[in-house]
Amino acid sequence: MKLLACLLTTALMAAASSAFAAEEKPAVPATPAAAAAPAPAAPAAAPAAAKPDLAQGQQKFAAVCAACHGPDGNSGVPANPKLAYQHPEYLVKQLQEFKNGKRPSPIMQGFASQLSEADMKNIAYWVGTQKAKPGFAKDRELVTLGERIYRGGIGERQVAACAGCHSPNGAGVPSQFPRLSGQHADYTTAQLLGFRDGARKNSLMMAQVAAKLNDREIKAVADYIAGLR
Ligand code: HEC
Ligand code: HEC
């Protein structure tokens, strides 16, 4: 114990004296001595708050979310949305709103409630960097109507073109307008019905767009979106 304390004191004194010596010859010997103490504390405090931890996100996703959303966020189940390559800010917003009930979902509220703000960010930034698998349109007859609505809207009813906000290829515009392309048509249909009928009330913009669409138009545009790339 005494020996250790003695060694430490000696080391400190050596460091101090080399720091003193360095005042004339700037930087070189002073830097290692000065940097040695603050170095371990800095990386833990500063970047952790700002930067998402992708490894943590991946781990949590694999443990809880992958069962429904697919191991890489490309869900194979039509009712469960694909999350891969979605804008992380949009995903965080959805998770917050599942948690606080602004976007009601009996399934997602429970899972989102168990996530901290940091978890949400870690998961969203991990899954948002996974490669998206493309989808396919299924209904030849409807897809033409869907394409027309997506690209041009419906003039006589003042329905804005989806492309205007979600971009022509459905990639969306970070961070405000989500990516739509390749999404399961069943999921997209359910969301548009939800916006229209008030079950999903977390976007006034989308409520206004969906309010003027009938069931057939919703089905058509959802089918077109599934094949969009
Ligand atoms: C039991 C299946 C299941 C599990 C497990 C699950 N989800 Fe979901 N998730 C769903 C379903 C179904 C929806 C569609 C909900 C709706 O709109 O009503 C959804 C929707 C979402 C959305 C919205 C996507 C969008 O495009 O708006 C996000 C984000 C999401 N889930 C993230 C997660 C995360 C993160 C986890 C793990 C912590 C998770 N989910 C676990 C089934 C699940
Ligand atoms: C004025 C801009 C605007 C227009 C036009 C618009 N959207 Fe959106 N859309 C949004 C915004 C903003 C959101 C994100 C809502 C949120 O934050 O929850 C959204 C979300 C969506 C979602 C939910 C995505 C998901 O993963 O759950 C779907 C589906 C969608 N839009 C389809 C459409 C379709 C189809 C059209 C055309 C008929 C359209 N949108 C036109 C702004 C727009």
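Predicted model: local features only at pLDDT ≥ 70, side-chain atom pairs only at ≥ 80, totals over all residues.
Helices in this account are DSSP runs of at least four residues, numbered from the N terminus.

Ligand 2 is surrounded by 22 residues, of which Ala 160, Cys 162, Cys 165, Gln 191 and Ser 203 are the closest. Three helices, α9 (162–166), α10 (185–197) and α11 (204–210), each contribute at least two residues to this shell. The greatest contribution comes from α9, which supplies four residues. In terms of residue class, the shell comprises 14 nonpolar, seven polar and one charged residues.

Ala 210 belongs to helix α11. It counts as buried because 21 C-beta neighbours lie inside 10 Å, and the threshold for that label is 20 or more. When residues up to four places away in sequence are set aside, Ala 210 touches Leu 192, Phe 195 and Arg 196. Leu 192 is 18 residues from Ala 210 in sequence, yet the two C-alpha atoms are 6.0 Å apart in space.

Ala 185 is part of helix α10. This residue is buried, since 25 other C-beta atoms lie within 10 Å. Its contacts, apart from neighbours within four places in sequence, are Lys 138, Ala 222, Asp 223 and Ala 226. Between Ala 185 and Lys 138 there are 47 residues of separation in sequence and 9.0 Å in space, taken from C-alpha to C-alpha.

Asp 223 also takes part in a contact between two helices. The axes of helix α8 (residues 140–152) and helix α12 (residues 215–227) approach within 7 Å and cross at roughly 85 degrees. An angle of 65 to 115 degrees counts as roughly perpendicular, and α8 is therefore roughly perpendicular to α12. On the side of α8, the contact involves Leu 142, Val 143, Leu 145, Gly 146, Glu 147, Ile 149 and Tyr 150.

Note on methods. Residues numbered from 1 in each chain as written. Chains lettered and ligands numbered in written order. Axes fitted to C-alpha atoms, helices over the stretch in contact; angles between N-to-C directions. Parallel < 35°, antiparallel > 145°, perpendicular 65-115°, else oblique. Contact = placed C-beta atoms within 7 Å. Near = placed C-beta within 6 Å. Nonpolar A, V, L, I, M, F, W, Y, C, P; charged D, E, K, R; others polar. Buried ≥ 20, exposed ≤ 12 C-beta atoms within 10 Å, placed from the backbone.
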